[in-house]
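Please open the model in a viewer and keep the selection tool at hand.

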Amino acid sequence: MNIFENYLLEITKIIKDNKDLLNLENLDNLKNINLEVPPDRFNFDLSTNVSLVLSKTNNINPNDLANNIKNLLLKKINHFDKIESAGPGFLNIKISNEGLAKNINHILKEKDTYGSKKSNKNYNVEFVSANPTGPMHVGHCRGAIFGDVLSNLLLFNGNKVTKEYYINDYGNQIKNFVKSVYLRIREIKYKEKFKIQENLYPGNYIKEIASSIIKNNPNIKVENFDDCFDDLKILSLEKSMNLIKNDLKKLGIKHDNFFSESDLVKKDLVNKALNQLKINNYVEEGFLSPPKGESSKSWKQVKRLIFKSTLFGDDSDRSLQKDDGTWTYFANDVAYHSDKINRKFDILINILGADHTGYIKRICSAVSALSEKKVKLNCKVTQLVKLYKNGKPFKMSKRAGDFISVQDLLDEVNKDSIRFMMLNRSNDVELDFDFEKIKEKTKDNPVYYVQYAYARINSIVRTLKKTLNDNISVTPNSFSPNQYEEKIIRKIFEWPKIIESAATKLEPHKIPFYLYELSTLFHSYWSKGNEDNRFRFIENGKVKREESLIFIFLIAVVIKNGMNILGVSLPEKM
């Protein structure tokens, strides 16, 4: 239930039905009419630009048209109690108490689905996809939570979502990882000193993987690296992926599908995908121009397969082969996305790290070419996280090697705080993560402030010997909210718009922003009751006004729905 959509449909229908009365000849831009939340300084529930939009194309004075539309809407829509002109062509609308009551009853009836739009699309959301060479670090954490919450948001909106992890288990970095495990095994079995070399992994977790492999495979042979590589790779990757899955589980994240790059190679998916592109003449043998800044004299011309990505908006065409003729990482990625397309997803979403920004155009071009522009790929980049403690950059134990692990982070703060705060800014800007503020029990700690609002609501409900599952409704003829409740209901009505905007623009950070604002309104109302007896919720163990109980239930409904999307718990007592 979205009152903005519902009333906008009524307004546009009335305009169409009465265009002659309003002297409107041109309704071509009727789709540009919107219904929004008016600024706080106006004591109104809705605001529309209807007369501004229509006056331009019909050459009518916007103020005159606004006055005529105002009179028409007041006559036709009985939920509209008062309408005033605001600026050239805008109308601010006050909903009647009866209209408010009926809309509130719809929300209380919907409860767990309030805000959902039921989009019914099939999404593939690929996120984390960290190299399986060790446990997750803080750099992966933000993208992991962003992808998980975005998936939850799309699911809440009625879509089908596959949360996917692409395992980069093929190539030189995997060989170096397996060699590191191999050398640690030899260190344990034969007391050979592990020599730190370039590209090897020195972290303590490698020792743990090696010890676990020895424990579960006491007869493993590690005399020669090449001879044992295949078996050791399977064992090492299994242990490493278990570390990653355990880290994800601690963050409240579970993927639906894990796609192996090695399987992609074994199934020869690269040749299959490139053959499809060749049929459409999107791949050819040729020579690439030297990269920007590199002299053409020093550039080695090697004939290779090239994808014509400039046909699909990329800055340059892209090589599919290395100098030695083997496939590039991009070629494997083309094959992987071809497989995604073949799995019949409507929309693909990739959550990428800050160092992958330059990769977006080429992979989006590949998806356009492979799907003949029928499948859309959205890439969202999550920027870096900077850790602070006592106002200073904070470095933790780094016991996992040369990085700060997710477990290090969890040792400092809980999962709820991490999930909420990782979304406390837009994904495309760097995030400052301050440990001291996150531990504070004040308004400056957003996750605490929202959880505390829900806990306070539960304390009220317990005092009244009720539960938030009780059925409750408004009696329209006796409904009369005060000024604090009016602000709250306007914010409650805004929730479906937040969900729609966050889902459409793939911006889940809008949800914690909104929940914080809603909680602030509730806490302000609570504090006012402590100052002024007229605004208290409870007196002598009974609710003073039925209206206040209605708003408590409404706030609880929205906070619960929002925090479920964020994957953050809601304690009933704090």
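Begin by selecting Gln-321, whose side chain reaches the backbone nitrogen of Leu-305 at 2.8 Å. This is a polar contact, that is, a pair of N or O atoms within 3.5 Å; within protein, one must be able to donate a hydrogen and the other to accept it, and residues adjacent in sequence count only if both atoms are side-chain atoms. The model is a predicted one, in which local features need pLDDT of at least 70 and side-chain atom pairs count only at pLDDT 80 or more, while totals for chains, interfaces and linings use all residues. Residues are numbered from 1 along each chain as its sequence is written, and side-chain values use heavy atoms, with hydrogens and water left out.

**Around Gln-321**

Remain at Gln-321 and display its surroundings. Leaving aside neighbours within four places in sequence, Gln-321 is in contact (heavy atoms within 4.5 Å) with Arg-304, Leu-305, Thr-326, Trp-327 and Thr-328. Is Gln-321 buried or exposed? Gln-321 has a relative accessible area of 17% and is therefore buried; buried means under 20% relative accessible area, exposed over 50%, and partly exposed in between, with a 1.4 Å probe and protein chains only. Gln-321 is found in the loop between strand E10 (318–319) and helix H11. Helices (H or I, at least four residues) and strands (E, at least two) are DSSP runs, numbered from the N terminus.

Two strands pair if DSSP finds at least two bridges between them. Within the sheet, strand E5 (residues 122–126) pairs with strand E6 (residues 160–167) in the parallel sense over five bridges. Select Glu-126 to see the residue that stands opposite Glu-164 in E6.

**Salt bridges**

The side chains of Lys-163 and Asp-148 meet in a salt bridge, at 2.8 Å from N to O. The pair links distant parts of the chain, with Lys-163 in strand E6 and Asp-148 in helix H5 (residues 138–156), 15 residues apart. Both Lys-163 and Asp-148 are buried. A salt bridge is a side-chain nitrogen of Lys or Arg within 4 Å of a carboxyl oxygen of Asp or Glu; the whole structure holds 25 of them.

Select Arg-343 and Asp-339 for another one, at 2.9 Å from N to O. Arg-343 is partly exposed, because its relative accessibility is 28%.

Move on to Glu-412 and Lys-439, whose closest N and O atoms are 3.6 Å apart in a salt bridge. Glu-412 lies in helix H13 (residues 406–412) and Lys-439 in helix H15 (residues 435–439), so the pair ties together parts that are 27 residues apart in sequence. Glu-412 counts as partly exposed at 23% relative accessibility, and Lys-439 does so at 44%. Then select Glu-5, Lys-117 and Glu-500, which salt bridges with shared partners join into one network.

**The three-stranded sheet**

Which order do the strands of the open three-stranded sheet have? The order is E14-E13-E15, with mixed pairing. Strand E14 (392–393) and strand E15 (431–434) stand at the edges with a single partner strand each, so one side of each is left without a neighbour in the sheet. Strand E13 (residues 385–389) and E15 run parallel and are joined by four bridges. Here Lys-386 stands opposite Asp-432 in E15.

**Cysteines**

Cys-141, at 0% relative accessibility, counts as buried.

**The whole chain**

Finally, zoom out. The chain has 19 helices and 17 strands, and its C-alpha trace spans about 85 × 65 × 40 Å along its principal axes. Of its 574 residues, 54% count as buried.
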